[in-house]
Amino acid sequence: MGLVHALLPFAAAAALLLLAAPPPATADDPGLAVYWGRHKEEGSLREACDTGRYTTVIITFYNAFGHGRYSLDISGHPLAAVGADIKHCQSRGITVLLSIGGQGGAYSLPTNASAADVADNLWNAYLGGHSAGVARPFGDDAAVDGIDFFIDQGGADHYDDLARRLDGYNKYYRGRVGVLLTATTRCSYPDHRLEKALATGVFARIHVRMFGDEQCTMSPRYSWEKWAAAFPGSKVYIGLVASPEQDSAWMFQKDLYYEMLQFVRSLPNYGGLAIYDRYFDKKANYTGEG
């Protein structure tokens, strides 16, 4: 009995530690998005969807547009296989988006006419449209659910025109949104490249990158809450890198919970987490899959 009584304080302390531990970062989050397509070694899109972790996968990047030339860079993943994987992911209830722009490539919208041309290309090549002479890289019967604006270079002109034109295609869908529009913004508010586009009010979601910006490292919650307050009609996500290899702004799970999640999860337009990217999430197991 003496040994049992001696061990009781240690057992009680262990129980208190378990109770004090923060829940996993994704346990109570309504959405978990992941960016896919930056590394061939990340595995297939189907594999990402079959983890059961993600509610959205964002294919990166449609990174050349605006000057009569359009191209997609998904790091050597076979296009035909991606088309089949898109349909597989959608059959599991996972939203599939195509992200335009990115941190490389050659893109801009010099005129309103160029915005119209890009909208037509996205609609006919990747969304629900079809047009003679326009190739569909993922196959004729595979269509993404929407477009993510990840504009990280060049000017801000005419992205508002592009957003309105893409949103206009929703007239072809009865009773539902066929072209979901999201934006991946820099952390500092406002993001001048996307400011006019976001002012259109047609973006359902905003993924705020909490990395690549010294201001966010200093005050991440304050920076994110400015976005949430500015766009009450949009779901606002916390954008995170999955590994300290990627950026010094990587957040340890416990820090993420105590510095941000415990405060922002109660906000009505908190959307969840957006993880950049699948390769590092798989390598670091940041979202705790499997």
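Mentor: The largest pocket is lined by 15 residues, and the ones nearest its centre are Gln103, Arg209, Phe211, Asp247 and Tyr276. Keep in mind that you're looking at a predicted model. The volume of this pocket comes to about 170 Å³. As for what kinds of residues line the largest pocket, there are five nonpolar, four polar and six charged ones.

Now zoom in on Arg209. You'll find Arg209 in strand β8, which covers residues 205–209. Is Arg209 buried or exposed? Its relative accessible area is 6%, and buried means under 20%, so Arg209 counts as buried. Look at what Arg209 touches beyond its neighbours within four places in sequence: Gln103, Phe150, Asp152, Thr184, Thr185, Arg186, Cys187, Cys216 and Gly239.

The peptide bond running from Tyr276 to Asp277 is cis, with omega near 5 degrees. Asp277 belongs to the loop between β10 (270–276) and α10 (278–284). There's a cis bond between Tyr189 and Pro190 as well, where omega is about -5 degrees. Pro190 sits in the loop between β7 (180–185) and α6 (195–198).

While we're on loops, check two backbone angles. Ser75 isn't a glycine, yet its phi is positive, near 60 degrees. Ser75 lies in the loop between β3 (71–72) and α3 (79–91), and with a relative accessibility of 22% it counts as partly exposed. His158, also not a glycine, has a positive phi of about 75 degrees; look for His158 in the loop between β6 (146–151) and α5 (159–168).

Here's one more loop residue, Glu42, placed between β1 and α2. Glu42 has a relative accessible area of 0%, so it is buried. Along the chain, Glu42 and Phe280 are 238 residues apart, but their C-alpha atoms are separated by 7.9 Å. Leaving out residues up to four places away in sequence, Glu42 touches Trp36, Gly37, Glu47, His77, Arg278, Tyr279 and Lys282.

Next, step back to the nonpolar interior. In soluble globular proteins, nonpolar side chains tend to be buried together. The largest nonpolar core here has 73 residues, and those touching the most other members are Ile59, Leu122, Phe149, Leu162, Leu166, Trp224 and Ile238. Helix α4, residues 112–125, contributes the most to this core, with six residues. A second, separate core has 13 residues, including Phe61, Leu97, Ala249 and Ala274.

Let's give α4 its own look. Its 14 residues reach 20 Å from the first C-alpha to the last, close to the 20 Å expected at 1.5 Å a residue. Why is α4 described as largely enclosed by the rest of the structure? Because ten of its 14 residues are buried. Among them are Ser114, Asn121, Trp123 and Asn124. The elements covering the buried residues of α4 include β2, β4, β6 and α5.

With 13 residues at 1.5 Å a residue, α3 should span 18 Å, and its end C-alpha atoms are 19 Å apart, which agrees. The buried residues in α3 are Val82, Gly83, Asp85, Ile86, His88 and Cys89. Covering them are elements including β1 (32–36), α2 (45–50), β2 (56–65) and β4 (95–102). After α3 comes Gly93, with a positive phi near 80 degrees.

The protein has ten helices and ten strands, and 50% of its 290 residues count as buried. Take the contacts between residues at least 6 apart in sequence: 74% of these join residues at least 24 apart.

Notes:
Residues are numbered from 1 along each chain as its sequence is written. This is a predicted model: local features need pLDDT of at least 70, side-chain atom pairs count only at pLDDT 80 or more; totals for chains, interfaces and linings use all residues. Side-chain values use heavy atoms; hydrogens and water are left out. On a 1 Å grid over the protein atoms alone, a cavity is a set of points where a 1.4 Å probe fits but cannot get out, and a pocket is an open set with protein on both sides within 12 Å along at least five of seven lines; lining residues have an atom within 4 Å of a point. Grid points are joined across faces, edges and corners, and a volume is the space filled by probe spheres set on the points. Ala, Val, Leu, Ile, Met, Phe, Trp, Tyr, Cys and Pro count as nonpolar, Asp, Glu, Lys and Arg as charged, and the others, Gly among them, as polar. Helices (H or I, at least four residues) and strands (E, at least two) are DSSP runs, numbered from the N terminus. Buried means under 20% relative accessible area, exposed over 50%, partly exposed in between (1.4 Å probe, protein chains only). Contact means heavy atoms within 4.5 Å. A nonpolar core is a set of buried Ala, Val, Leu, Ile, Met, Phe, Trp, Tyr and Cys residues joined through side-chain atoms within 4.5 Å. The expected span of a helix is 1.5 Å times one less than its number of residues.
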